[in-house]
Structures are given as C-alpha cells and as structure tokens.
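Subject: Structure handover and notes

Dear colleague,

I am handing over the structure below, together with notes on what was found in it. Please read the notes with the structure open beside them.

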Amino acid sequence: FGVALASLTAALPTVPMRRLALAGILVLPALTTVLTTRKSFDREGSAVVMDPRLELNEEVRAWYREHHAPGDQMLALCSSPALYYDTLIPTPFTYLWPADIVNVPGAYDQLMGILEGPTPPRFVAEYMLDDKCDVPGRIKPLLQSRYRVVQQYDGQDDKQVHIWSLVEAG
C-alpha cells in the first residue's frame, strides 16, 4: 500500500504537489484516528457516568479505606463487582452478579457458607438484597444476626448501599 502511494505521489508533476500529497497521506489517517477515538470516548464516558453504582463505589471505597484493618475482607453483596477493582481487595466469593448467585448450582450455598462460616468477611456492602439475589430469603436474617449496619449511602435511581460490620463475639 505504501509503495502504491509513493508511486502516485512520484507521478505528480512538481515537488510542491508531491509534498502536499505526501502530507495529506500522512495526516489524514492520524486525523481520522483522533476524531473517531474522541467520539468513541465521548459515548463511553456518557455510558459510564450514567451507572449510579460508580458514585456509590467511590463512597464505599473511601469508607473502607478509612475503617479497615490489614487482612479485613469486604463482600460486595449481590452487585457492583467493580468495588473489588476500585479497592484492590480480593473477593471472598467467586460469583459476583445476582444472576450467578441464583442460577449457578451451589453458588448460593457457597455464599451462605462464607457468611455463616468461622471466618466471615468483616464488612458486607449490601448493594441489592431482594428476590433477584436472595430467593430463599436467608441472607438478610443472617446479616441481622451477625452484623450491624454502620453506614448507609443513598445514590441515584433509589440505589442504596448498606455497609454491615461483623459484630465481634465476646
């Protein structure tokens, strides 16, 4: 392709015309790349900002950084796996989306095992706890018996996050 373009520019009668053609050949792809990337970024940026969980994640992340001790875990319950990326903490649970908790065989029991077990996460960020995530209805009573709400954040579109802290046995 480059050889063909060079041949076309060489066929032009004057040096200034060749230089102008060569400049166009070099600038046009770069300009096209910049413009299409800009449009794509604008669309993506708008789509990302519209997700109300991202603003809540920022608040939860700030809270976690202020209150956690080394080794503490937080479980983002039934939504917003981006919290793990934002806080750089490992997830104690494999399935992060509500549909997985309900539809993957054994996922709900694994989640209950983590919450009921001898070393549950110190914090639970409850993004959504309803019939989409807790079909049997066992999670909320368990949270109420082992944890207490220490923070609540209200977001857009009626989105809320409750941060639960493990009640120390003693």
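Predicted model: local features only at pLDDT ≥ 70, side-chain atom pairs only at ≥ 80, totals over all residues.

Residues are numbered from 1 along each chain as its sequence is written, and side-chain values use heavy atoms, with hydrogens and water left out.

The protein chain has seven helices and four strands (DSSP runs numbered from the N terminus, helices being H or I of at least four residues and strands E of at least two), and along the sequence they follow the pattern α-α-α-β-α-α-α-β-α-β-β. Of the 170 residues, 32% are buried, where buried means under 20% relative accessible area with a 1.4 Å probe, protein chains only. Among contacts (heavy atoms within 4.5 Å) between residues at least 6 apart in sequence, 55% join residues at least 24 apart.

Not counting residues up to four places away in sequence, V60 touches M74, L83, A125, Y127, Y153, V161 and I163.

In helix 6 (residues 107-116), the residues A107, Y108, L111, M112, I114 and L115 are buried. They lie on the same side of helix 6, because they cover an arc of only 155 degrees around the axis, taken from the directions from the helix axis to the C-beta atoms. Their cover includes strand 1 (74-77), helix 5 (98-103) and helix 7 (139-146).

The structure holds two aromatic pairs (ring centres of Phe, Tyr and Trp, the last by its six-membered ring, within 6.5 Å; planes under 30 degrees apart count as stacked, over 60 as edge-to-face and the rest as tilted). W63 and F123 pair edge-to-face, at 5.0 Å centre to centre with 90 degrees between the planes. W63 lies in helix 3 and F123 in strand 2, so this pair ties together parts that are 60 residues apart in sequence. Y64 and F123 are also edge-to-face, at 6.2 Å and 85 degrees.

Finally, S165 in strand 4 (residues 160-166) is buried, with a relative accessible area of 7%.

Best regards

Technical notes: Buried < 20%, exposed > 50% of the residue type's maximum accessible area, 1.4 Å probe, protein only.
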